[in-house]
Amino acid sequence: MTAVRVQDVTKSFGRTRALQGVTFSAGVGVTGLLGPNGAGKTTLLRMLATVLAPDSGSLQLLGRNPQDADDRLAIRRRLGYLPQEPGFHRGFSVFDFIDYVAILKELTDRQARHQEVRRVIDAVGLSDVAGRRIRALSGGMRRRVGVAQAILGEPELVILDEPTAGLDPEQRLRFRDLVSRIGEGRTVLLSTHMTEDVAALCPRVVVVDGGRTVFDGTPSALTGTADGRVWLAADRSALVALSLGSVQVLRRGASNGSSV
Amino acid sequence: MGDVVTSPHAGEPVDADLLRATGAGDRTAFETLYARHAPWLVLRLTRRCNDPALVDEAVQDTFVAVWRGARRWDGRGEVAAWIWGIGIRRLIDQLRSRPRPTAELVEADAEREPSAEERVLLGVEYGDLAGALDRLSPELRAVVQATVLDGLTTREAGHLLGLPAGTVKTRMMRAKAQLREALA
Amino acid sequence: MSWHIDSETLQRYATGTATSATAASAEAHLTGCAECRALLAPAVPAPRLDAIWAEVDRQVDLSSRPLAERLLTRAGVREDTARLLAVTPSLRGAWLTSILLAAVLAALAANVTDGTGRGMAIFLTLAPLLPVAGVALSYGPAADPAYELTLAAPYSVLRLVLLRSIAVVTCTVALTAIGALALADNGWQAVAWLLPALALSAATLALSVRTTPTWASAAVGTAWLCIVLVSRGSSQDELVFGPPGQVAALLLLAGAVLALLHFRSRFSYDTRRSS
């Protein structure tokens, strides 16, 4: 079953049109969502995490319709989500916080819940600091706390919004390792504006710009180099230029597009 | 409990380290400590009180107290001895809060002649004293065990055995007199 | 430790059939020998040890919880529910203390009457706003750092919102009532704030279906102040605090509850207007 099916989804906030018709689908494995800031990646991911409802278009997650209340509950039971700016309660330790989220995920039995919390803390390699306050941890470790709560309860669909932002290269390497392990047998969607993340990690990439999908395919479609950039033919309306560390979407004929 | 190690092999933390880690808030170390010490504590307390429910509660209270007081351990002596000191007093608390006579002192089925192996053990640990101890009456022996071996005060021994402190004192004196005679 | 107890004696000790002296010796040895202690471990059935451990674990857990959570559990609230409640900012000690202080000060100020009944009016105006402020701080993006996660999780958002706001309103009203004890004039006026307090809190909750709790409480608070000021200006404050006002408050309360029930499914989405 294809876990994610998005069809012509639009979303506006006041007068800003964040999404103008996004269409793609994603199945098992890691799919990267690539695009410059403001492209609408976060809005899209929030919809996939059932936090936001689309204005129009259809959305199918894990075979269900998130607009329906019962289906939405069923989706949330098999979903894991790491928001772009995860917040932590003051004074919570790593264990406390993940335990808190585990309660939100309806793990009511204390013994079983604690076992599961310890399992995910182990899986992200934070066992040594489980009792430490999150406030006292580095950015990379906090990200790992975020990933840990996202894999509680072995979800089928995992949404990670900019999980590598602010990490140094070494941390990012370890992170990619973690994410590819999670992606085995699960559908993982992660958004980033770093092309190396995509190249190293995602068998599939969807490029979003200006609220639209402008490319959907494999990173191996990257061919050739010119002017230090790699050109990637997209659909007729835009070319996507990927160079190391930045994404630029160019309109055919124009030389300035939105860029990171 | 899973497969927690119950005794240290080479390279594994000793009890002192585990206790220190427990004091620092390490729950895994605490669980290991429990796995190592709960069994013998249950057995040893069962020899003082044959009501398993009371023993269970005492063991439970003991380890909660271990968690809370781990930081206050002075680092000297055996961890097991420290735990025993807490455990026996928690058992006494349990006995004091229940009406007697549900808890009675356990006596061996029969005071038989010790086997050859037991004689070796007795020789190693207590020498001549062991034989003299065996020849005391059960009441006197219980008092000696409580005060000398378990390290309780006269009053605590009284609570454990259900006797007034005065009786404990007199029995101690009689026991000492008999032992002195036997060892002379 | 090179000398150990032989297995037969150990067995006798474990089954309680060793002589007293043997047992005493064994115990003395066990105090210092980890290997022999380990050999004793199988003598106690695992289910018994597990049961004791489960209780120890539970108590250790409980003892490391913050005060608010321990009080809630003591009061009979389920442990996981208590955990969800205890993080509410408006159930924290600092906030509740401020509420109590505000209520007491307002009550004392009311006693300093200058004959126009202004003091009392201040108290009656302020008291209903206290739970409204509490509700604003009980959930939502401003009050809950894990707001996004809460939305994406299966736990019913409505249930969480109701639990938290009802707890907050209950505590706030209780503290305000304590503060009201400082009122010198204990007539019907001393409780005239109660229904408006409940009505305004419910209205805030109902409005936060459409917008964040912060905006909802601001709207409700402002509306209330306008009503009071207008009626004060026209010397009609009997209208607001007297029987007509109480009836109106009751109707508002009923209406807000109905609206809340009708629109409850909206809670499970983000209520912010902009992203």
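Mentor: Gladly, and let us begin with a term: a helix here is a DSSP run of H or I with at least four residues, numbered from the N terminus. Keep in mind that this is a predicted model.

Trainee: Then where do C:E55 and C:R58 lie?

Mentor: Both belong to helix α4 of chain C, and they sit three residues apart, about one turn of the helix.

Trainee: What makes the contact between C:E55 and C:R58 a salt bridge?

Mentor: The rule asks for a side-chain nitrogen of Lys or Arg within 4 Å of a carboxyl oxygen of Asp or Glu. For C:E55 and C:R58 the N to O distance is 3.3 Å, so the pair meets the rule. By that rule there are 36 salt bridges over all chains.

Trainee: Are these two buried or exposed, or something in between?

Mentor: Buried means under 20% relative accessible area and exposed means over 50%. C:E55 has 22% and C:R58 has 33%, so each counts as partly exposed.

Trainee: How do you know that B:R44 and B:D150 form a salt bridge?

Mentor: Their closest N and O atoms are 3.6 Å apart, so they pass the 4 Å limit. B:R44 is in helix α2 (residues 27–46) of chain B and B:D150 in the loop between α7 (138–149) and α8 (154–161) of that chain, so the pair ties together parts that are 106 residues apart in sequence.

Trainee: And why are B:R44 and B:D150 called buried?

Mentor: The relative accessible area is 6% for B:R44 and 5% for B:D150. The cut-off is under 20%, so both qualify.

Trainee: What does the salt bridge between C:R65 and A:D96 join?

Mentor: The closest N and O atoms of C:R65 and A:D96 are 2.7 Å apart. C:R65 is in the loop between α4 (46–63) and α5 (67–74) of chain C, while A:D96 is in helix α3 (residues 94–104) of chain A, so the pair joins two chains. Both residues are buried. They also belong to a salt-bridge network that includes A:D99, A:R113, C:E69 and C:R83.

Trainee: Now the sheet in chain A: what is the order of its strands?

Mentor: Six strands form an open sheet, in the order β5-β6-β7-β3-β8-β9, with mixed pairing.

Trainee: Why are β5 and β9 of chain A said to stand at the edges?

Mentor: β5 (79–82) and β9 (212–217) each have a single partner strand, so one side of each has no neighbour in the sheet. From one strand to the next, the twist averages 15°.

Trainee: How do you know that β7 of chain A has two partners?

Mentor: Two strands count as paired when DSSP finds at least two bridges between them. Strand β3 (residues 29–34) has six bridges to β7(A) and strand β6 (residues 157–161) has five, so both reach the threshold. Both pairings are parallel. A:V188 stands opposite A:V30 and also opposite A:V158.

Trainee: What makes β7 of chain A largely enclosed?

Mentor: Six of its six residues (187–192) are buried, so the rest of the structure largely encloses this strand. A:T187, A:L189 and A:S191 point one way, and A:V188, A:L190 and A:T192 point the other way.

Notes
Residues are numbered from 1 along each chain as its sequence is written. Chains are lettered from A and ligands numbered from 1 in the order in which they are written. This is a predicted model: local features need pLDDT of at least 70, side-chain atom pairs count only at pLDDT 80 or more; totals for chains, interfaces and linings use all residues. Side-chain values use heavy atoms; hydrogens and water are left out. Buried means under 20% relative accessible area, exposed over 50%, partly exposed in between (1.4 Å probe, protein chains only). Axes are lines fitted to C-alpha atoms, for helices over the stretch in contact, and angles run from 0 to 180 degrees between N-to-C directions.
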